[in-house]
Amino acid sequence: MRGIILRKSPARYLRVCIAALILLAGCSTGTSLYSETAYRQGVELKVRSLEMISKASESYSDHQSEAEMLRRDLIIAYEYAKGRPDNEISTRQWQIMVDPDRSLMIGFLDRWKDRERLSPAFIREYRELVSEAFDQIIGLESGKIHPSSIAE
Amino acid sequence: MSFLKRLRDELKSDLRELAIDAGEEFREELIRDGIRFTSGIGDDLTRWGSQYASGELTGEDLEWLIAAKRDLAEMKYLKLKGLKQIQIERLKNALVATVAGSLIKAVRP
């Protein structure tokens with residue numbers, strides 16, 4: 001079929017190629033571009049979260065204000081991710097991080113608040129898991145296509 | 001040389017240079033990560049079990065750590081899935097640029 005088109009109508013073949021190019025260029029695979037804001041959010045919240053976890057052997061009441069600010073900023077990061085177009089996967093990561101029914105940061109803050117204090121052994125082990133969890137968010141963001149590479 | 005033959009030759013040459021091997025690279029990373037994570041779970045459970053036996057961790061601590069490990073597994077999967085999509089997007093962009101470039105070269109006298 002393609003051979004026939006080539007021989008009898010090269011101009012039509014050219015038009016098909018151009019149309020295919022336009023279609024391909026317009027297709028999205030569902031991934032947003034890299035965002036410096038999102039990257040910095042991930043890094044900053046990782047640092048703050050790990051610092052907060054390290055304090056969990058102390059009374060929650062003594063750190064309540066700081067914990068509430070962290071909680072708020074984690075949720076802001078989730079909402080920021082959710083608001084970006086074609087950002088479903090990063091949004092899902094943040095959703096897990098802030099889900100009170102899961103076992104990452106918001107769930108942790110709730111647990112600490114309920115228990116008032118957590119054991120050093122738990123803190124030590126848990127801290128490593130959360131650090132790795134944030135690395136998945138940061139790693140995905142840093143792997144996204146930079147807007148500047150498209151403009152070139 | 002006809003325009004179409006020129007176009008075909010340019011395309012073949014440019015696509016060869018593109019070195020499409022994204023699938024293999026992703027597969028290797030997935031395998032490496034999977035092996036690391038799987039062996040990590042065993043080590044973690046052994047250590048946590050020992051800490052539970054010694055009283056350093058409570059039963060609830062243990063459940064919580066296992067649940068967090070599960071959440072981490074999902075985060076890792078999402079990251080790999082996202083990176084794969086990005087890889088496809090990069091490949092698509094490169095393909096568009098390559099084909100467009102070939103068309104332009106073929107059209108030029």
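In the predicted model described here, S131(A) is found in helix α7 of chain A, helices being DSSP runs of H or I of at least four residues and strands runs of E of at least two, numbered from the N terminus. S131(A) is buried, with a relative accessible area of 15%, where buried means under 20% relative accessible area, exposed over 50% and partly exposed in between, for a 1.4 Å probe and protein chains only. The C-alpha atoms of S131(A) and L33(A) are separated by 24 Å, the two residues being 98 residues apart along the chain. Residues are numbered from 1 along each chain as its sequence is written, and chains are lettered from A in the order in which they are written. Because the model is predicted, local features need pLDDT of at least 70 and side-chain atom pairs count only at pLDDT 80 or more, whereas totals for chains, interfaces and linings use all residues; side-chain values use heavy atoms, with hydrogens and water left out.

Chain B itself has three helices and zero strands, and buried residues make up 36% of its 109 residues.

Over all chains, the count of aromatic pairs comes to six; rings of Phe, Tyr and Trp (its six-membered ring) pair if their centres lie within 6.5 Å, and planes under 30 degrees apart count as stacked, over 60 as edge-to-face and the rest as tilted. The rings of Y60(A) and W112(A), with centres 5.2 Å apart and planes at 90°, therefore form an edge-to-face pair. Y60(A) lies in the loop between α3 (36–54) and α4 (64–83) of chain A and W112(A) in helix α6 (residues 105–115), so the pair ties together parts that are 52 residues apart in sequence. Both Y60(A) and W112(A) are buried. The rings of F122(A) and Y126(A), by contrast, have their centres 5.3 Å apart and their planes at 15°, so this pair is stacked. Both residues lie in helix α7 of chain A, four residues apart, about one turn of the helix. F122(A) is buried at a relative accessible area of 0%, and Y126(A) likewise counts as buried at 0%. Ring pairs link Y60(A), F108(A), W112(A), F122(A) and Y126(A) into a cluster.

Two loop residues of chain A were examined for backbone geometry. Most residues other than glycine have a negative phi. D86(A), which is not a glycine, has a positive phi of about 55°; D86(A) is placed in the loop between α4 and α5 (88–98) and counts as partly exposed at 34% relative accessibility. E116(A), in the loop between α6 and α7, has a positive phi near 75° and is partly exposed, with a relative accessible area of 24%.
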